[in-house]
Amino acid sequence: MDRGARVVEIARAWIGTPYRHQASARGAGTDCLGLVRGVWRELNGKEPEPVPAYTMDWSEPAGEERLWEAASRHLRECAVSEPWRVGQVLLFRMRSGAVAKHLGILSESGAEARFVHAYSGHGVIESPLSAPWRRRVAVRFEFP
């Protein structure tokens, strides 16, 4: 199984996990960052750095791209010209001009693109990467 397919397999195993802010426990609770952290642990073992406590609006007041910066330290940033591949980590801006602070994992590419993410009020779900979601993608990353 290639790396991207393995990432998707792990992410899909989290589907149904309830949404819990700052958590990262499959089946018990997670947020979007916790989902990516859980996939990291299964792929690579120990997390590369501790995650500080954060609020729901973290990094917004100062306009800092903290999540992007942290991802850049441990994941490989994909060039805009690179193809969309399953297993890529998607970082979203939820509003135009806002900091990027939502994460998902591309589970299907092409015309029927989908992604797995932990979404407040829904838990971990697999959603279509519809036009409204796709235009919010700020950057894509790949696991090492």
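1. A disulfide here is a pair of cysteine sulfur atoms within 2.5 Å, and by that rule the count comes to zero. The sulfur of cysteine 32 has its closest cysteine sulfur in cysteine 78, 18 Å off, so that is too far for a bond. Both cysteines count as buried (under 20% relative accessible area, with exposed over 50% and partly exposed in between; 1.4 Å probe, protein chains only): cysteine 32 sits at 10% relative accessibility and cysteine 78 at 7%.

2. Quick ground rules: this is a predicted model, where local features need pLDDT of at least 70, side-chain atom pairs count only at pLDDT 80 or more, and totals for chains, interfaces and linings use all residues. Residues are numbered from 1 along each chain as its sequence is written, and side-chain values use heavy atoms, leaving out hydrogens and water.

3. On to the sheet. Helices (H or I, at least four residues) and strands (E, at least two) are DSSP runs numbered from the N terminus, and two strands pair if DSSP finds at least two bridges between them. The six strands form an open, antiparallel sheet in the order E3-E8-E4-E5-E6-E7. Strands E3 (76-77) and E7 (123-128) are the edges, each with a single partner strand, so one side of each has no neighbour in the sheet.

4. Glutamate 77 has phenylalanine 141 in E8 as its bridge partner.

5. Helix H2 (residues 32-44) lies across E4 (89-93), E5, E6 and E7.

Definitions and conventions
Contact = heavy atoms within 4.5 Å. Axes fitted to C-alpha atoms, helices over the stretch in contact; angles between N-to-C directions.
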